[in-house]
Amino acid sequence: MRDETFLSTSGASGEIAEQIETWAEEMQGQPLYTRVYPYPELDKTLAYMNDGMETPELSDAASAYFEPMTAQLLCAQANAQQGAAYLAAANLLRVSGFYALPEGFENCVVVYDFGTAAFAVGMRRESVAGQEFVSAQGCVCTPEIRDLLAEIAAFGEETGAKE
């Protein structure tokens with residue numbers, strides 16, 4: 001995170017660079033706690049974000065587009081509550097990758113929790129041309145992502161949101 005070339009190339013300056021430096025300092029030497037959550041279903045997430053009110057039905061194309069990004073959407077919502085500089089800095093620190101599919105894999109979100117900052121990685125089973133793999137997308141986010149993920153899982157169970 002302290003790579004000056006990355007920061008200058010990405011256009012990070014002022015508050016954004018300061019936020020990234022703050023995260024780097026906060027994470028340095030902190031104990032790391034890892035938590036695994038079920039990957040949030042899009043319909044349950046939308047219902048939760050809409051305070052339980054009915055949400056409009058998405059087309060198959062829209063659902064297919066947004067479903068893989070559900071964890072990142074939650075991170076963006078949590079980060080936006082911290083202000084524009086926080087959200088902008090977090091958007092710079094996104095990573096993604098594709099990995100071999102381990103046996104017994106279940107879609108999940110892994111949160112690497114540093115106490116005052118977190119790194120959330122949404123991992124989903126994907127299939128392209130008959131090949132299955134794990135798609136992982138991660139970003140720095142506010143630690144409140146833990147609460148959002150737990151609340152959405154509980155919200156879906158309480159309301160009986162469609163499976």
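**Close-up views of a predicted model**

**View 1. The hairpin of S3 and S4 in this predicted model.** Four residues lie between the strands in the hairpin of S3 and S4, where Gly115 adopts a positive phi near 95°. Strand S3 and strand S4 pair in the antiparallel sense, with six bridges between them, and Val109 is found opposite Gly122 in S4.

**View 2. Strand S3 beside strand S1.** On pairing with strand S1 (residues 33-38), S3 again runs antiparallel, joined by six bridges, and Cys108 in S3 is the bridge partner of Pro38. S3 is mostly covered, since five of its six residues are buried.

**View 3. The largest nonpolar core.** This core has 19 residues, and those with the most contacts inside it are Cys75, Val109, Val111, Ala120, Cys141, Ile145 and Leu149. Among the elements that give two or more residues to this core are helix H3 (42-49), strand S5 (131-141) and helix H7 (145-159), and the largest share, five residues, comes from H7. Apart from this core lies another, of 18 residues, among them Phe105, Ala117, Met123 and Val140.

**View 4. The surroundings of Val109.** Leaving aside neighbours within four places in sequence, Val109 is in contact with residues including Tyr37, Tyr39, Ala71, Ala120, Val121 and Leu149.

**View 5. Helix H5 packed with helix H6.** The axes of helix H5 (residues 70-80) and helix H6 (residues 84-92) are 8 Å apart and at an angle of about 150°; because angles over 145 degrees count as roughly antiparallel, H5 and H6 are described in that way. Ala76, Asn79 and Ala80 in H5 meet Tyr86, Leu87 and Ala90 in H6, a contact whose residues divide into five nonpolar, one polar and no charged.

Conventions:
Residues numbered from 1 in each chain as written. Predicted model: local features only at pLDDT ≥ 70, side-chain atom pairs only at ≥ 80, totals over all residues. Heavy atoms only, no water. Axes fitted to C-alpha atoms, helices over the stretch in contact; angles between N-to-C directions. Parallel < 35°, antiparallel > 145°, perpendicular 65-115°, else oblique. Contact = heavy atoms within 4.5 Å. Nonpolar A, V, L, I, M, F, W, Y, C, P; charged D, E, K, R; others polar. Core = buried A, V, L, I, M, F, W, Y, C linked by side-chain atoms within 4.5 Å. Buried < 20%, exposed > 50% of the residue type's maximum accessible area, 1.4 Å probe, protein only. Pairing = 2+ DSSP bridges.
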